[in-house]
Structures are given as structure tokens and as C-alpha cells.
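I opened the notebook to look up a few local features in this model. My notes follow, one topic at a time.

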Amino acid sequence: MPTLTVLLLLWAIGSYSFPATSDTHKQDVDMVQNYLQKYYNLERGTSRSGEQKSSDLVAEKLKQMQKFFGLKVTGKPDAETLNVMKQPRCGVPDVAQFKSTPRSFQWERTHLTYRITNYTPDLPKKDVDHMIEKAFELWSNVSVLTFTKVFEGEADILISFYWRDHRDNSPFDGPGGGLAHAFLPGKEIGGDIHFDEEETWTNDFRNYNLYYVAAHELGHSLGINHIHDIGSLMYPAYIYYGDIQLSQKDIKAINALYGPKITNKPKEPQVTKEPQVPQACDTKLTFDAVTKVSRDLFFFKNRFFLRTDDSQQEVDFNGISLFWPLVGAGVDAAYEIAIRNEVFFFRGSKYWAFNGDQPKYGYPRDIHSSFGFPGKVKKIDAAVHQEETGKTYFFVANKYWRYDEYKKSMDTGYPKAIIRDFPGIGKKVDAVFQNDGFFYFFCGTRQYQFDPKTKRILSLLKTNSWFNCK
């Protein structure tokens, strides 16, 4: 029985809701199968022992993938799992296809050469040269490794741009999907880096930043496998924020292979600017923004979010860009208008609108021309929408504005002092959302449950009270 038919049957078993004849279901089945084969060593074909064994194997591989990406481990291709599978990423498997110790895959010398064999037409050659050079510097700055660019002949690391099948047993799949891949240290093709020429390569936030991808792939060329920490450069998904740094786990991995950088200066504590990765049960946890999206609560911190549902039993963690790529660099404020299925994100003087996770046309827009904020307002600290009144409250420093979503205008008489109408919560708000008619204000490590009708604080909570922390 063909593999696809077996998978269609096994997906139909249990709770996966698409009928086996659905075109959408068939596409998802193909995607799941291809993804697990490519990145998690799912064996091609099916077992003669029957569908149940095949189903169990796929479920185990799905669990492995879900655990790696910090998803809820179900063994089923739920919507969130499919969403992650659709994200652009590195083409190197998350599970090594060989059984050996990591130390066996490293260069025997610390000075290496590299050569760029061809160039993408998307960028000027000097830009490509500069970004590739920066990628090498990123790793040489924290290790004993040094690199020299050569312009002809042999080199340890060859860098090339290719289309589709380029005879290395790892054909590219067209725009999106696998962006690039690299080979672990070794002879011949070992250490080489290949970029998919069907992607659009850029030197900014547009897809796809060549420097970011090159720095990641170079980690593989030097002997490092994928790291499941979302704050790591060696995380497999494409999550570009603009500031490329090595995490402590990246540095630890390269130093374990080659040793730390040797200098004549006295050794000082190494400090990196890696983004703080929020931990749900950290007693000192603070948030940049909080909002409800449908029935789920999203808590934003740096480039990440924590999410919990009504049961508050499970806490998901992921990068903002995996759900909302356009605002992946961080969020200052956010709010939902549930009746319109709209979510708004604010960063600096710009804001974005989404229907769920789908961006609305014509964004980002400017907060001054759209909402009428004066020019001195450079960013929104917090925002919350009150469904029963149709009003949205914006908090900036020690003041707040009230906006009428129906009239599309600011109410007169604003701004007002926060302490006037929200007594007791302090002079500045980090984040706020509404639940069951109450406002929940986040100010530092404190959270206030506030009744907007009586203008009274009902309870004082820790910021992580929404998580099932012991």
C-alpha cells in the first residue's frame, strides 16, 4: 500500500478532524511526512506489520519534533504543530542522521579558509562579502578559530548559491521551507554551505537576511548541531530580530569543540547581549505586553511569548515571529477586539493589525495619524480594549488616553493621570488586559486585579499567577 494512503488512513484514526478525502488534509499529510522524513529520520515507506506500527512511528516522531520546539507533546498533527512545520528554517536535520560523538565532527586545525564560489543576484557582491565576513567574525570572536578568505583553488569551506537539486542528496524545495544547509566538518563536501537561490536574500528585515542565515549555517560547518533553545542562534527556525548574537549555549558549544578565544588581556567575565528568555515561574518575571487572543492569554517578553489557556494547566513558549513574523522583534503593547477578531500590536510609533495570525493589508501604520497621539508620544506602554463600551485605553508614562473604536477618534478631555482613575496601581503600567470585566495591570513584578466600575483594586498578584507554578 502506498505510503500516502497509509498515512491518510492513520490520520483518520483518532482525533485528527479532516476527512481522508480532503485536499487540505492530503496536503497536510504530505507536509508532515516530508518534514519528519527530512528533519527527524522518519523512515520512508511503511512496515509490512500493518498500519498501527506505522501510526505509532509517526506519532513518536511527532512527539520528538513537538518536544524539540517546545510545543504541547501530543503525537498528533495539531494546528500549532502544522504552523511550526510551515515556518522557514534551516535545512539541516534536528536529529543527527549518524551515530557518533559530537567531538568526532570538528576540524583538526583552528585556522580555516573559505571561498565564495558564486553570488546571488539579489544583493551587490560587496554586501554578500561583508555579511559572510561578519558571520565568520561572530564565531572567531568567541573561539580560537581564525578564518581567511581565498579567491581561487581549494578551501576548507565553500559557500555557494544553488537551485533545487544540486547533487548533494539534499535538494532545495523552492521559496520558503529549507533556506540553506551546511555540512559538518570533513573532507570533500564537509564544511560547505549551500543557500537556496530561489529565496530572496536581503541585508535587512525583509526575507531573508543573509547574514543571519550564514551565521547559523556556519555553526554547522564548524561542527555544531541544532540547539532546542529558542534564544540560540543554532535554533533551527528562521527567527531574525535585527541584532545577531551568540547565546551562552552557542558559545559553550563552539568552545567545547575548539576552546575559548585566547587573549593577552586579563580574563574578564564574558557578557553577551542575548535576549532574556522568559521562564514562567521566575518570581522576578516582568512583561512587555499581555493580551487575550480568542480564549488564550499571551504574555510577551522581549522576542518571545508565553501562552496559557482557560485551564491554566499548560504553558506554551515560543518566538513571536513564528506566529506574527512582522512584529517578531518585540511588542510594547497589544490588545484584542474580539467581536472583530482583530489583534493589534504596537512597537515604537508603529502598529500592526491581524485577523488571528493573518496580517491585515496596509500595515504597519503610524500611531499619530491613526489615533491622534501628539508627536511627543514615541511609544505605547500598554493598551486594553473594553468590549462592553467599545473603548480602548492607552497608557503612556504616567498618563492614559481613551479611544472610541466606533467613532475612530480619541475621547475629549484626555490624556488624564493614571493615578486619578486607576488609584493604587502606580504611575506607570507595563502591560494590561481585560478578563471577565476586570482589568489586570502589570507593574514590575506585581499584578493588580482592578474593577473599572468601582475603581478599586480587588487583589494583588504576582505576574506569573496565570501559570501553574508551585
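In which sense do strand E22 (residues 446-451) and E23 pair, and over how many bridges? I found them antiparallel, with 6 bridges. Strands here are DSSP runs of E with at least two residues, helices are runs of H or I with at least four, and both are numbered from the N terminus. Two strands count as paired if DSSP finds at least two bridges between them.

Before going further, I noted the ground rules. This is a predicted model, in which local features need pLDDT of at least 70 and side-chain atom pairs count only at pLDDT 80 or more, while totals for chains, interfaces and linings use all residues. Residues are numbered from 1 along each chain as its sequence is written, and side-chain values use heavy atoms, with hydrogens and water left out.

**Entry: the sheet**

I traced an open sheet of 4 strands, in the order E20-E21-E22-E23, with antiparallel pairing. Strand E20 (431-435) and strand E23 (456-462) form its edges, each pairing on one side only. On average, neighbouring strands are turned by 25° against each other, direction ignored; the axes are lines fitted to C-alpha atoms, and angles run from 0 to 180 degrees between N-to-C directions. I also looked up glutamine 449, and its bridge partner in E23 is serine 459.

Most residues other than glycine have a negative phi, and most peptide bonds are trans. I listed the exceptions that I looked up.

- Aspartate 436 has a positive phi near 55°. I placed it in the loop between E20 and strand E21 (438-443), and at 68% relative accessibility it is exposed (over 50%; buried is under 20%, partly exposed in between, with a 1.4 Å probe and protein chains only).
- Serine 294 has a positive phi of about 60°. Its loop runs between strand E6 (289-293) and strand E7 (296-301), and serine 294 is exposed, at 56% relative accessible area.
- The peptide bond from tyrosine 363 to proline 364 is cis, with omega near 10°. Proline 364 sits in the loop between strand E13 (358-359) and strand E14 (365-366).
- The bond from tyrosine 414 to proline 415 is also cis, with omega near 15°. I found proline 415 in the loop between strand E18 (409-410) and strand E19 (416-417).

**Entry: cavities**

How many cavities of 30 Å³ or more does a search of the whole structure find? I noted 3. A cavity is a set of points on a 1 Å grid over the protein atoms alone where a 1.4 Å probe fits but cannot get out.

Definitions and conventions: On a 1 Å grid over the protein atoms alone, a cavity is a set of points where a 1.4 Å probe fits but cannot get out, and a pocket is an open set with protein on both sides within 12 Å along at least five of seven lines; lining residues have an atom within 4 Å of a point. Grid points are joined across faces, edges and corners, and a volume is the space filled by probe spheres set on the points.
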